[in-house]
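Good morning, and thank you for making time for this presentation. I would ask you to keep the sequence and the structure in view while I speak.

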Amino acid sequence: MSRIKATFYNTQGEALSGSLETPTGTVKAYALFAHCFTCSKDIAAASRITRALAEQGIAVLRFDFTGLGNSEGDFSNTNFSSNLQDLIAAADFLQQHYAAPALLIGHSLGGAAVLAVAQHLDSVKAVVTIGAPATAGHVKHLFADSVHEIMDKQTACVELGGRRFQIQRQLIDDLENYNSLEHIRMLNKALLIFHSPMDNVVPIDEASRIYTAAMHPKSFVSLDHADHLLSRMEDSQYVANVLAAWAGRYLQTNEPQETRKHNAPLVAAGNVIVRERDKKFAREIYTEHHQLASDEPTAMGGADSGANPYELLLAALGSCTSMTLRMYANHKKIDLQSVEVELHHSRIHAEDCASCEDQAPLIDQITRVIKLKGNLNDQQHSRLLEIADSCPVHKTLENQINIVTNTPST
């Protein structure tokens with residue numbers, strides 16, 4: 001398990017600070033964690049839960065909202081809507097650099113935030129709330145004594161969690177816009193609600209409101225004697241264990257140990273093993289973490305149960321080309337919105353290949369069509385096509401390849 005420092009930007013161009021907890025082995029899914037109101041990403045509950053989830057194969061990004069923790073910006077200029085925009089920016093960061101989040105987790109007001117933003121993130125399959133209010137407007141009770149002053153003077157300094165914060169009227173007005181439960185009814189995601197009956201910050205009635213408003217599938221787990229901040233380690237560990245088990249039902253996780261057959265071989269990193277599936281052409285292909293199939297089409301006497309060998313060869317070149325282009329575009333901050341690579345293999349007469357030397361009567365030719373979409377100028381478009389030729393598989397195919405065949409002694 002490792003922690004990766006993450007930096008991305010809000011809609012105002014201000015840097016937001018995050019930490020991505022990643023598993024040691026295969027990542028089953030990526031998740032976003034939204035912390036409580038005025039808290040930071042390093043609050044004990046957030047750090048414990050994300051670490052525990054990483055131990056179970058779920059990579060989790062937690063970050064400081066604008067103006068909090070190590071993130072740039074002025075907290076007094078933020079509101080609930082800006083928190084939602086920060087979550088979308090975090091999701092975009094994961095999608096660009098890793099994979100789009102499939103799971104949203106929110107603690108306290110962070111729970112209300114993930115409920116509100118989930119419908120805007122198509123990649124999200126499941127949502128989890130921990131000690132969350134049903135609507136953002138519930139937060140107003142934290143500074144109820146200062147509401148009149150805020151409304152009259154447009155701003156007031158209030159004490160929250162032992163710290164002083166400047167609260168502006170824009171926050172009050174914005175919270176009023178998120179008092180409806182309609183977005184919970186329209187969630188269309190699997191929902192898990194954690195709440196403690198002993199919570200004296202957000203009463204358990206709020207969990208009941210969320211559960212009643214939501215459509216199935218939905219689940220509720222009582223946290224018994226836990227406090228609102230899950231300050232006891234055993235409470236946050238319990239949340240992580242239950243959460244990971246529940247999420248596996250709804251997330252399309254990559255668990256090679258379960259998808260492999262019982263007789264699947266152990267494969268060393270970087271190696272590939274191919275075994276016969278039948279006495280014709282069907283083959284099973286194993287890598288360290290994955291399994292796929294190869295076969296010939298029915299016209300060639302096969303059962304067409306997998307890609308044929310040349311399709312696999314083209315897939316290797318196409319996927320490497322696409323990855324190389326994406327890596328370059330992300331590094332150079334080029335607005336490349338999508339890449340599609342279409343390939344075809346054929347044999348042509350040598351005289352048709354003007355660039356070939358020492359020509360044989362027939363040579364292999366791969367035709368590669370690269371479709372780039374985005375706000376690209378001519379120079380960027382041309383440069384990307386040049387970069388495509390830097391793909392490692394491309395270079396391997398153009399090199400002289402020496403294949404050494406051995407057979408183990410019996």
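**Helix packing**

Helix H1 (residues 44-55) packs against helix H8 (residues 233-247) at an angle of about 40°, and their axes are 9 Å apart. H1 is therefore oblique to H8. Angles under 35 degrees count as roughly parallel, over 145 as roughly antiparallel, 65 to 115 as roughly perpendicular, and the rest as oblique. The axes are lines fitted to C-alpha atoms, for helices over the stretch in contact, and the angles run from 0 to 180 degrees between N-to-C directions. Helices (H or I, at least four residues) and strands (E, at least two) are DSSP runs, numbered from the N terminus.

This is a predicted model, in which local features need pLDDT of at least 70 and side-chain atom pairs count only at pLDDT 80 or more, while totals for chains, interfaces and linings use all residues. Residues are numbered from 1 along each chain as its sequence is written, and side-chain values use heavy atoms, with hydrogens and water left out.

How many of the nine residues of H3 are buried? Nine of the nine are, so H3 is largely enclosed by the rest of the structure. Buried means under 20% relative accessible area, exposed over 50%, and partly exposed in between (1.4 Å probe, protein chains only). Among the buried residues of H3 are Leu109, Val114 and Val117.

Ser108 lies in the loop between S5 and helix H3 (109-117). Its phi is positive, about 60°, although Ser108 is not a glycine, and at 9% relative accessibility Ser108 is buried. Thr38, in the loop between strand S3 (29-34) and H1, likewise has a positive phi, near 65°, and is buried at 7%.

Two prolines also deserve mention. Pro217 sits in the loop between helix H7 (205-213) and strand S10 (218-222), and the peptide bond from His216 to Pro217 is cis, with omega near 5°. Pro101, in the loop between helix H2 (80-97) and strand S5 (103-107), is buried at 1% relative accessibility.

**Salt bridges**

Side chains of opposite charge can pair when their charged atoms come close. The structure holds 15 salt bridges, each a side-chain nitrogen of Lys or Arg within 4 Å of a carboxyl oxygen of Asp or Glu. One of them joins Arg3 and Glu21, whose closest N and O atoms are 2.8 Å apart. Arg3 lies in strand S1 (residues 2-9) and Glu21 in strand S2 (residues 15-22), so the pair ties together parts 18 residues apart in sequence.

Asp389 and Arg368 meet in another salt bridge, at 2.7 Å from N to O. This pair links distant parts of the chain, with Asp389 in the loop between H11 and H12 and Arg368 in strand S15 (residues 362-374), 21 residues apart. Asp389 is partly exposed at 38%, and Arg368 is partly exposed at 21%.
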